[in-house]
Amino acid sequence: MGEEVLDIAAVREKDQKGRHTTTRRELFVRPAGGVVIDTPGTREVGLWDADEGVDDAFVEIVSLAAECRFGDCAHTVEPGCAVRAAVARGELEAERVERYLRVRAGTASRAARVGRAKRR
Ligand SMILES: [Zn+2]
């Protein structure tokens, strides 16, 4: 490109994997011809496009959640939680629910950080 247009970072020593330096899709037209398309990985679905990707990845939990007594149910200790009920009946793995809740918590705090960064 003739100038620095992208943030780059070294891969992790341990496993030679990337560190999520790319956070959005971008296309660069090279002066010498051709294009470079930089895309973030999709390994951790939903982390950057927040709620939509997470809901797609845990669709059965999201549809159960519609049956929870409270609209803002956190699926932890609330009475009438349809997600916990499904776990109790053996229809849903508790571990999968935990993963869903962790990912949701991650997108929430990340979205808050991105929001703060945008307001600067
Ligand atoms: Zn619930």
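Modeller: A nonpolar core is a set of buried Ala, Val, Leu, Ile, Met, Phe, Trp, Tyr and Cys residues joined through side-chain atoms within 4.5 Å. Buried means under 20% relative accessible area, exposed over 50%, and partly exposed in between, with a 1.4 Å probe and protein chains only. The largest such core here has 15 residues. Ile 61, Cys 68, Val 83, Leu 92, Val 97 and Tyr 100 have the most contacts inside it. The elements giving two or more residues to this core are α3 (82-88) and α4 (94-119).

Biologist: What kind of model is this, and how are its residues numbered?

Modeller: This is a predicted model: local features need pLDDT of at least 70, side-chain atom pairs count only at pLDDT 80 or more, and totals for chains, interfaces and linings use all residues. Residues are numbered from 1 along each chain as its sequence is written, and side-chain values use heavy atoms, with hydrogens and water left out.

Biologist: What makes a stretch a helix or a strand?

Modeller: Both are DSSP runs, numbered from the N terminus: helices (H or I) need at least four residues, strands (E) at least two. The protein has four helices and two strands. From the N terminus on, the order is β-β-α-α-α-α.

Biologist: Which residues does Val 97 touch?

Modeller: Contact means heavy atoms within 4.5 Å. Leaving out residues up to four places away in sequence, Val 97 touches Ile 61, Val 83, Arg 84, Val 87 and Leu 92.

Biologist: Which atoms coordinate the zinc ion?

Modeller: Cys 68 (SG), Cys 73 (SG), His 75 (ND1) and Cys 81 (SG), at 2.1 to 2.3 Å. Donors are N, O and S atoms within 2.8 Å of the metal (3.2 Å for Na, K and Ca); water is not among the atoms, so sites may look incomplete. Along the chain, the donors follow the spacing C-x4-C-x1-H-x5-C. Cys 68 and Cys 81 both lie in the loop between α2 (59-65) and α3, so the pair ties together parts that are 13 residues apart in sequence.

Biologist: Why is the site of the zinc ion called tetrahedral?

Modeller: Four donors count as tetrahedral if all angles lie between 85 and 135 degrees. The angles among the four donor atoms here are 104 to 114°, so the site is tetrahedral. Ideal angles for four tetrahedral donors are 109.5 degrees.

Biologist: Why does His 75 count as buried?

Modeller: His 75 has 7% relative accessibility, so it counts as buried. Cys 68 and Cys 81 are buried too. His 75 lies in the loop between α2 and α3. Among the residues that His 75 touches are Ala 65, Tyr 100 and Leu 101.

Biologist: How much of the protein counts as buried?

Modeller: Of its 120 residues, 20%.

Methods. Four donors count as tetrahedral if all angles lie between 85 and 135 degrees; four count as square planar and six as octahedral if opposite donors are over 155 degrees apart and all others between 65 and 115; anything else is irregular.
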